[in-house]
Amino acid sequence: MLFRSRLWKTRKTETNHKHLQEHPEDWHSYHEQMEDAFQKFPEEEVPRNVIIKKLESIKRPRRIADRGCGQAFISKHFNQINPNLEFINYDHISICDDVIACDATDTGLEDSSVDIDILCLAIMGCNKEDYIKESYRILDEGGLLS
């Protein structure tokens with residue numbers, strides 16, 4: 001099924017989440033299409049690679065929420081090379097134990113509990129402000145939204 005971004009952008013994320021829970025094949029189709037699109041990008045411009053590059057210089061312990069992590073490529077990249085980075089991964093569908101399935105506008109995290117919040121290609125829905133409100137709520141003072 002061809003992913004129709006206009007449809008996803010005009011519905012609330014809770015509607016999209018419910019749909020993807022009932023039709024996980026649509027989630028997989030979207031991610032296959034994104035990976036195909038990324039093949040046309042220069043490697044250093046693939047959005048997750050841009051974020052990885054920014055995070056590679058971090059030496060101090062950091063707690064990172066990756067909302068809309070897809071296949072958790074970013075946290076997988078750092079699992080072995082930087083134990084100072086703790087990832088909490090979220091997406092509509094959980095493809096592994098490292099990903100929590102939820103509507104990323106409501107993570108259930110405590111207030112001010114993360115240092116970095118990643119929203120790489122995650123804001124899909126007409127309620128974009130709810131993503132930003134959740135970022136503001138979960139980010140610690142001086143936290144980074146990427």
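Trainee: What should I know before I start?

Mentor: The model is predicted, so local features need pLDDT of at least 70 and side-chain atom pairs count only at pLDDT 80 or more, while totals for chains, interfaces and linings use all residues. Residues are numbered from 1 along each chain as its sequence is written, and side-chain values use heavy atoms, with hydrogens and water left out.

Trainee: In which sense do S1 and S2 pair?

Mentor: Terms come first: helices (H or I, at least four residues) and strands (E, at least two) are DSSP runs, numbered from the N terminus. Two strands pair if DSSP finds at least two bridges between them. Here S1 (residues 62–67) and S2 (residues 85–91) pair in the parallel sense, over six bridges. For instance, Ile-64 has Phe-87 in S2 as its bridge partner. Between S1 and S2 the chain passes through helix H5 (residues 73–78), and this β-α-β crossover is right-handed. That label applies if, with the strands pointing away from the viewer, the path from the first strand over the helix to the second runs clockwise.

Trainee: Which residue in S4 is the bridge partner of Asp-66?

Mentor: Ile-118. S1 also pairs with S4 (residues 114–118) in the parallel sense, over three bridges.

Trainee: Is Leu-109 buried or exposed?

Mentor: Buried means under 20% relative accessible area, exposed over 50%, and partly exposed in between (1.4 Å probe, protein chains only). Leu-109 has 11%, so it is buried. Leu-109 sits in the loop between S3 (99–101) and S4. Leaving aside neighbours within four places in sequence, its contacts (heavy atoms within 4.5 Å) include Arg-63, Tyr-90 and Ile-138.

Trainee: What joins the side chains of Glu-134 and Thr-107?

Mentor: A polar contact of 2.6 Å. The term covers a pair of N or O atoms within 3.5 Å; within protein, one must be able to donate a hydrogen and the other to accept it, and residues adjacent in sequence count only if both atoms are side-chain atoms. Glu-134, in helix H6 (residues 128–138), is buried at 5% relative accessibility.
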